[in-house]
Amino acid sequence: MTVTGAIWRDQLSGDERAVLGRADDGVPGSRPDVLVVGGGIVGVSTAFACADAGLGDVLLIETGRLGAGATGGATGLLIPEPHQWSDPAPFVDLERASLQQWRDLQQTLPGGVGLVELDWLGLAPHASGFAAHQPRYVEWLNPGQVAELVPGLARPMEGALIRRQARVNPLRAVARLATRLPAVATGVAATSVDIRGDRIVGVGTSSGTITPGVVVFATGRPPVLDGLPLHIPSDRVKGHLLVTERTEVTLPGIVAPVGTQIENGQLLAGGTFDADDETPAVQPDVINAIAASLAAVLPPLRGIGVAYQWCCFRPRHPDRRPVIDRVPGLGNAWLTSGHFRTGILNAPATAAVLTSWIATGVPPADARTWSATRFGGR
Ligand SMILES: Cc1cc2nc3c(=O)[nH]c(=O)nc-3n(C[C@H](O)[C@H](O)[C@H](O)COP(=O)(O)OP(=O)(O)OC[C@H]3O[C@@H](n4cnc5c(N)ncnc54)[C@H](O)[C@@H]3O)c2cc1C
């Protein structure tokens, strides 16, 4: 039987699941020093970093449950190095810094964040199949070496091996971080802001008004709230994923474009970019195509059953880079949005940038790279 929904929740303990619905009292009339709006990985990481840095009372509000947006459906790969083929240098630098911060969290947080270290292997008929720009850490493998790592390939292929990348169950990471937050209110939506001069003095919510010192919006796409004049272009890109039934076929970590070895002998595959599909439903033909492509590359997977199938939407700005910025025209509000396909990876680094900016008032050196005004408009 195939479950329609991400596997991640089913991997959690009862305590971790309960944290995702954490709903502390005292939201109406509260006066937190820092209010974070949005309980995806970016909001939770930011609230954690602000609290950890001693920025005072930190309250996070989330309209649904924690991780209910893109976060809960992501693949959870933390793979900066392969992105050297596709992303500009400042972006890869952010990703690298963020993977290091994930590792630090894994070490320092009691129980860690569930980070799993693993290698990435890109399959290609020839090394030249990758862009001319070669990552620093790549080891080029001949077809014999690839076949030893991935027996049963449909045809001989060269490969690019990058060691020491990582992955997380995104919901476990959210739960582990959220356990340590001072105050969380799920089921609370921000609906409006009250602006006086260059400050937000009140945030209207479905549970009453909050009077924050500082606000951070981490709502996936830019927030749409009464009284907040923000016009940052964004859209969303649907993606499908599946997890196979248990199989004897094992992968040496992440094998692109096949899939990722996860717990219990299962494989995680997909991550499609389904342009122009705005429907929230899983499309069986897309799932069938992912399964067929698995078998085409690795014939032993022919006929493999699908245990989980799901889809979710990546928040995206036109240049595919996130916004990490102070809200234009406001002195006590920040926003981060449009993390597209690397929001899980980049959450801790984004949180660190915002926390430092809030604490010191000094923007990061590369602030323009992530600015909210780079698209024109306000
Ligand atoms: C198929 C797929 C695969 C992916 N794989 C990877 C991967 O391998 N690695 C990686 O790094 N990234 C991956 N991503 C991207 C990643 O999922 C996103 O970039 C990331 O989850 C964005 O996190 P976020 O916290 O910004 O947004 P979200 O997770 O969407 O969180 C925003 C939250 O804000 C809440 N919210 C919105 N408005 C309000 C409001 N007014 N009041 C209160 N709450 C509000 C929403 O309910 C939501 O929970 C993938 C995405 C998809 C779709």
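Strands β9, β10 and β11 form, in that order, an open sheet of 3 strands with antiparallel pairing; strands here are DSSP runs labelled E of at least two residues, helices are runs labelled H or I of at least four residues, both numbered from the N terminus, and two strands pair if DSSP finds at least two bridges between them. Because β9 (190-196) and β11 (208-210) each have a single partner strand, they stand at the edges, and one side of each is left without a neighbour in the sheet. From one strand to the next the twist averages 25 degrees, with axes fitted as lines to C-alpha atoms and angles running from 0 to 180 degrees between N-to-C directions. Strand β10 (residues 199-205) runs antiparallel to β9 and is joined to it by 6 bridges. For D194, the bridge partner in β10 is G202.

The model is a predicted one, in which local features need pLDDT of at least 70 and side-chain atom pairs count only at pLDDT 80 or more, while totals for chains, interfaces and linings use all residues. Numbering starts from 1 along each chain as its sequence is written.

Turning to the ligand, 40 residues surround it, the closest being G40, G69, G220, G239 and G343; a residue is near if its C-beta atom, placed from the backbone, lies within 6 Å. Two or more residues of this shell come from each of α2 (41-52), β3 (58-62), β13 (235-244), β17 (306-316) and α7 (343-360). The most, 4 residues, come from β17. Since domain 1 (14-74 + 172-234 + 319-370) and domain 2 (116-167 + 235-316) both give residues to the shell, the ligand lies between them; the domain bounds come from an automatic or database domain assignment.
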